[in-house]
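Subject: A structure for you to look at

Hi there,

Here is the structure I promised to pass on to you. Please open it next to this email and follow along as you read.

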Amino acid sequence: MGGAIYYSIYKAEKKEEQAREFIAGALWVLIISSVLLTILVFVLNSRLLRLLGASGGLLALGKEYIAVIALGASMQVVGTGLVPFIRNHGGSFYAMVSMIAGFVTNIILDYLFVWILEQGVSGAAWATVIGQVLLC
């Protein structure tokens, strides 16, 4: 969000090159942090769940859910990080529509994967990941 604010400031001051540098810099930070987050979540999956008090069946379900969510973590980080840039670039309607499309897709796929296809917790996680992909 900070990069999007500086982008808007430099854009308003007609400093196009510096504005583009903030987009590039923010995109690199988003990509690097999403890769690190994905690795950390995979490595610390069980430890984080135990730290939060999960055990037994809940721990097993949590591991199943987080394993899938971690695969889509990069989409969530990058998608959420780019929305302020899209909005500040004059695409507030597009930013809103893409977020709504992701939410609605998640809801529909939750119903499909969990209730119709009986995929359980991993189905709910996949619905979330696919919804996040639409956000990008």
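Let's begin with a term: a residue is called buried when its relative accessible area is under 20%, exposed when it is over 50%, and partly exposed in between (1.4 Å probe, protein chains only). By that rule S122 is buried, because its relative accessible area is 19%.

Before going on, a word on what you are looking at. This is a predicted model, in which local features need pLDDT of at least 70 and side-chain atom pairs count only at pLDDT 80 or more, while totals for chains, interfaces and linings use all residues. Residues are numbered from 1 along each chain as its sequence is written, and side-chain values use heavy atoms, leaving out hydrogens and water.

Back to S122, which sits in helix α6. Helices here are DSSP runs (H or I, at least four residues), numbered from the N terminus. Leaving aside residues up to four places away in sequence, S122 touches E64 and V68, where contact means heavy atoms within 4.5 Å.

V68 is also one of the buried residues of helix α3, along with L59, G62 and A70. Helix α3 covers residues 56–71, 16 residues in total, and spans 24 Å from its first C-alpha to its last, close to the 22 Å expected. That expected span is 1.5 Å times one less than the number of residues.

Now for the surface. A nonpolar patch of about 1,100 Å² includes L27, W28, L36, W126 and I130 among its residues. Two elements, α2 (16–51) and α6 (120–135), each give two or more residues to the patch, and α2 gives the most, with 9. L36, for one, lies in helix α2. Such patches are built from residues with over 30% relative accessible area and no salt bridge, nonpolar side chains (Val, Leu, Ile, Met, Phe, Trp, Tyr) being joined within 5 Å and like charges within 9 Å. The areas come from the Shrake-Rupley method with a 1.4 Å probe, and for residues only the protein chains shown count as cover.

How many salt bridges does a search of the whole structure find? The search gives 1. The term means a side-chain nitrogen of Lys or Arg within 4 Å of a carboxyl oxygen of Asp or Glu. E13 pairs with K15, their closest N and O atoms being 3.4 Å apart. E13 is partly exposed at 44%, and K15 is partly exposed at 34%.

Happy exploring!
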